[in-house]
Amino acid sequence: MSPVAFLDGEYMPLEDAKVGIMTHALHYGTGAFEGIRGNWNANDGKMYIFKLREHYERMLRGCKMLFIDLPYSLDELCTITTEVVARSGFQEDVYIRPMAYKGEEKVANLNLKALSDSFFCLAVPFGQYIESDGAISCCIASYRRIDDTMVPPRFKLAGLYLNSILAKTDALSAGFDEAIMLNQDGHVCEGTGENIFLVYGNTVATPTLESNVLPGITRETVLDLARNELNLKVEERPIDRSELYVADEVFLTGTAAHIQAVGSVDHRDVADGDVGSVTRRLQDLYFSIVRGNNPKFLPVYRCGSTGEGRVDGRVVRC
Ligand code: PMP
């Protein structure tokens, strides 16, 4: 297996895909990126890429924000991605990282419109994001989630992640597995790389899109599954920090983290501290879908016109 990357129009070995030290995005975080998973299904020997199109739709919204104008259509971005994965020959779960960024090698220039654009896409083998088979421990971060009046958090912009990185590093240093960030008005916002949900009774609740969360693709999927498959009541509303302590269940959602149960918040167990039954049901459903084992959902989550790309005899389904 030799990983392949796409950089500015060309496929090349990942190890040859380099940028210069004057690259604008390296200095200022001027990029819009995605984190996409390819889930390997050993039974049928196929890689399933979940909601590829939706990821690129989000990235293109970030491009609009940053005045990045890519020479590729949405369909072409999807094709580039399936090519990168298939040409790399992975037979295991992968993480796919496309980034559109200000690639011009120009320092000391803060005008987005004066800078040229670049794009790369790479994929690397990727197992668990949060090392845990059960419920994780979280703390409330002392860093607040950045506000729409500062850098818009509804886009997945590279520089924005300093906010998450500071909170996550503090949480890990203090012995927790993950941090939960509050927004500027003090309500629960999200994890450092995940959206957050709580469960009470037959209700599943998550902060609204206006509360400075990243509009998560897994969040959208979970809302859909909770409402339409598990027949639960779904609420998008402001959530108080103290609600987390007394919820029946708390879980995080994200492409990397999947659906991750939270067992404690600020040293207080969530219910009995274990994975809750709603979380478990959502996890089972979600994993069967993203790995291509749930025929009912395959057409729903297909991307592109055919939904299947075939490169070098390997099938990439998305
Ligand atoms: N919030 C943040 C800050 C994230 O980085 C992510 C991961 N992209 C998420 C939420 C979850 O989004 P998604 O489900 O689209 O991966």
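Colleague: Which residues form one aromatic cluster?

Modeller: F6, Y11, Y72 and F119 make up one aromatic cluster. Two rings of Phe, Tyr or Trp (its six-membered ring) pair if their centres lie within 6.5 Å, and the pair is stacked with planes under 30 degrees apart, edge-to-face over 60, and tilted for the rest. By this rule, eleven aromatic pairs are counted. The model is a predicted one, in which local features need pLDDT of at least 70 and side-chain atom pairs count only at pLDDT 80 or more, while totals for chains, interfaces and linings use all residues. Residues are numbered from 1 along each chain as its sequence is written, and side-chain values use heavy atoms, with hydrogens and water left out.

Colleague: Why is the pair of F6 and Y11 called edge-to-face?

Modeller: The ring centres of F6 and Y11 are 5.0 Å apart and the planes stand at 65°, so the pair is edge-to-face. The pair of F50 and Y286 is edge-to-face as well, at 5.7 Å centre to centre and 85° between the planes.

Colleague: What does the pair of F50 and Y286 tie together?

Modeller: F50 belongs to the loop between β5 (46-49) and α2, whereas Y286 belongs to helix α7, so the pair ties together parts that are 236 residues apart in sequence. Helices (H or I, at least four residues) and strands (E, at least two) are DSSP runs, numbered from the N terminus.

Colleague: Are F6 and Y11 buried, partly exposed or exposed?

Modeller: With a 1.4 Å probe and protein chains only, buried means under 20% relative accessible area, exposed over 50%, and partly exposed in between. F6 has 3% and is therefore buried, while Y11, with 27%, is partly exposed. F50 and Y286 are both buried.

Colleague: What makes R87 a charge over the ring of Y11?

Modeller: A charge sits over a ring if NZ of Lys or CZ of Arg is within 6 Å of the ring centre and within 35 degrees of the ring normal. R87 lies over the face of Y11 at 4.1 Å from the ring centre. R268 lies over the face of Y245, at 4.8 Å from the ring centre.

Colleague: How do you know that the length of α7 agrees with its number of residues?

Modeller: The expected span of a helix is 1.5 Å times one less than its number of residues. For the 14 residues of α7 (277-290) this should be 20 Å, and the end C-alpha atoms are 20 Å apart, which agrees. Among the buried residues of α7 are V278, L282, L285, Y286 and I289. After α7 comes G292, with a positive phi near 80°.

Colleague: Why do K51 and H267 deserve a remark on phi?

Modeller: Most residues other than glycine have a negative phi. K51 is not a glycine, yet its phi is positive, about 50°; H267, also not a glycine, has a positive phi of about 70°. K51 is in the loop between β5 and α2 and is buried, with a relative accessible area of 10%. H267 is in the loop between β15 and β16 (268-269), and its 68% makes H267 exposed.

Colleague: What makes the largest pocket a pocket, and how much space lies in it?

Modeller: On a 1 Å grid over the protein atoms alone, a pocket is an open set of points where a 1.4 Å probe fits, with protein on both sides within 12 Å along at least five of seven lines, unlike a cavity, from which the probe cannot get out; lining residues have an atom within 4 Å of a point. Volume is the space filled by probe spheres set on the points, which are joined across faces, edges and corners. About 560 Å³ lies in the largest pocket. Its lining has 29 residues, and Y95, K156, Y161, T192 and G193 are the closest to its centre. Elements giving two or more residues to this lining include α2 (52-65), β6 (94-102) and α4 (161-173), and α4 provides the largest share, five residues.

Colleague: How do the residues of the two linings divide into nonpolar, polar and charged?

Modeller: Ala, Val, Leu, Ile, Met, Phe, Trp, Tyr, Cys and Pro count as nonpolar, Asp, Glu, Lys and Arg as charged, and the others, Gly among them, as polar. The lining of the largest pocket has nine nonpolar, 13 polar and seven charged residues. The second largest pocket, with a volume of about 300 Å³, has 13 nonpolar, two polar and one charged in its lining. Of its 16 lining residues, V19, A25, M99, Y101 and F120 lie nearest the centre, and β7 gives the largest share, three residues.
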